[in-house]
Amino acid sequence: MPFSEIEDVGTTARRKLTPRRRLQVWEKTGGTCVLCERRIDGVRERWIVEHIRALELGGEDDLANMGPAHEACALVKTRNDHRQTAQAKRQKIRHIGACTSKRPLPFGKTSPWKRKLSGEIIPR
């Protein structure tokens, strides 16, 4: 069976957000929040440029992946993105076997002792 290359999805480098790019993001959606799809009042409401797919989850840092969002909507999304990233890292660590169990099973593979079928305990 041939091995396939596993592509590691890492964090994308973030470029500087200039006022010009911020205006391009605003005009792309016409001032509509990409998360709740409500109109943003740019004068009275605080808004930020939000990455639709988070950079830490493999999203790109280009205009196609950006949109304006209410500050409150973005905080909720960012919290969920961090939660998903942490879960993905934990799964990856378990999958590649990088962590050892804090409570190994008695007479398991990592134990220096072995129990035979007869019940006798011998060193491995």
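Predicted model: local features only at pLDDT ≥ 70, side-chain atom pairs only at ≥ 80, totals over all residues.
Residues are numbered from 1 along each chain as its sequence is written, and side-chain values use heavy atoms, with hydrogens and water left out.

The chain has two helices and four strands, where helices (H or I, at least four residues) and strands (E, at least two) are DSSP runs numbered from the N terminus. Read along the sequence, these elements follow the pattern α-β-β-α-β-β. The radius of gyration of the chain is 24 Å, whereas a compact globule of 124 residues would have one near 14 Å; this radius is taken over C-alpha atoms, and the globule rule is 2.2 Å times the number of residues to the power 0.38. Along its principal axes, the C-alpha trace spans about 80 × 35 × 25 Å.

Of the 124 residues, 23% count as buried, a term that means under 20% relative accessible area, with exposed meaning over 50% and partly exposed lying in between (1.4 Å probe, protein chains only). The chain exposes about 10,200 Å², of which carbon and sulfur atoms supply 55%; accessible areas come from the Shrake-Rupley method with a 1.4 Å probe, and for residues only the protein chains shown count as cover. Among the contacts in the chain with a separation of 6 or more, 53% are accounted for by residues 24 or more positions apart, a contact being heavy atoms within 4.5 Å.

The strands β1 (47-51) and β2 (66-70) pair in the antiparallel sense over five bridges, two strands being taken as paired if DSSP finds at least two bridges between them. Within this pairing, Glu50 has Gly67 of β2 as its bridge partner. Strand β1 is largely enclosed by the rest of the structure, because four of its five residues are buried. In the loop between β1 and β2 lies Asn65, which is buried, with a relative accessible area of 10%. Not counting residues up to four places away in sequence, Asn65 touches Glu50, His51, Ile52, Arg53, Gly59 and Glu60.

The largest nonpolar core is made up of ten residues, namely Val25, Trp26, Cys33, Ile40, Trp47, Val49, Met66, Ala69, Cys73 and Ala74. Such a core is a set of buried Ala, Val, Leu, Ile, Met, Phe, Trp, Tyr and Cys residues joined through side-chain atoms within 4.5 Å. The elements that give two or more residues to this core are α1 (19-29), β1, β2 and α2. One of the core residues, Trp47, is in contact with Arg22, Trp26, Ile40, Gly42, Pro68, Ala69 and Glu71, leaving aside its neighbours within four places in sequence.

Helix α2 (residues 71-96) has 26 residues and reaches 37 Å from its first C-alpha to its last, close to the 38 Å expected at 1.5 Å a residue; the expected span is 1.5 Å times one less than the number of residues. Its residues Cys73, Ala74, Lys77, Asp81 and Thr85 are buried, and what covers the buried residues of α2 includes β1 and β2. Asp81, at 11% relative accessibility, counts as buried, and, leaving aside neighbours within four places in sequence, Asp81 is in contact with Glu50, Ala54, Glu56 and Leu57. Gln87, also found in helix α2, is partly exposed, with a relative accessible area of 39%. Gln87 and Arg14 are 73 residues apart in sequence and 22 Å apart in space, C-alpha to C-alpha. After α2 comes Gly97, whose phi is positive, near 75°.

Positive phi values also occur in residues other than glycine. Glu37, in the loop between α1 and β1, has a phi near 60° and is exposed, with a relative accessible area of 64%. Phe107, which is not a glycine, has a positive phi of about 65°; Phe107 is found in the loop between α2 and β3 (113-115) and is partly exposed, with a relative accessible area of 29%.
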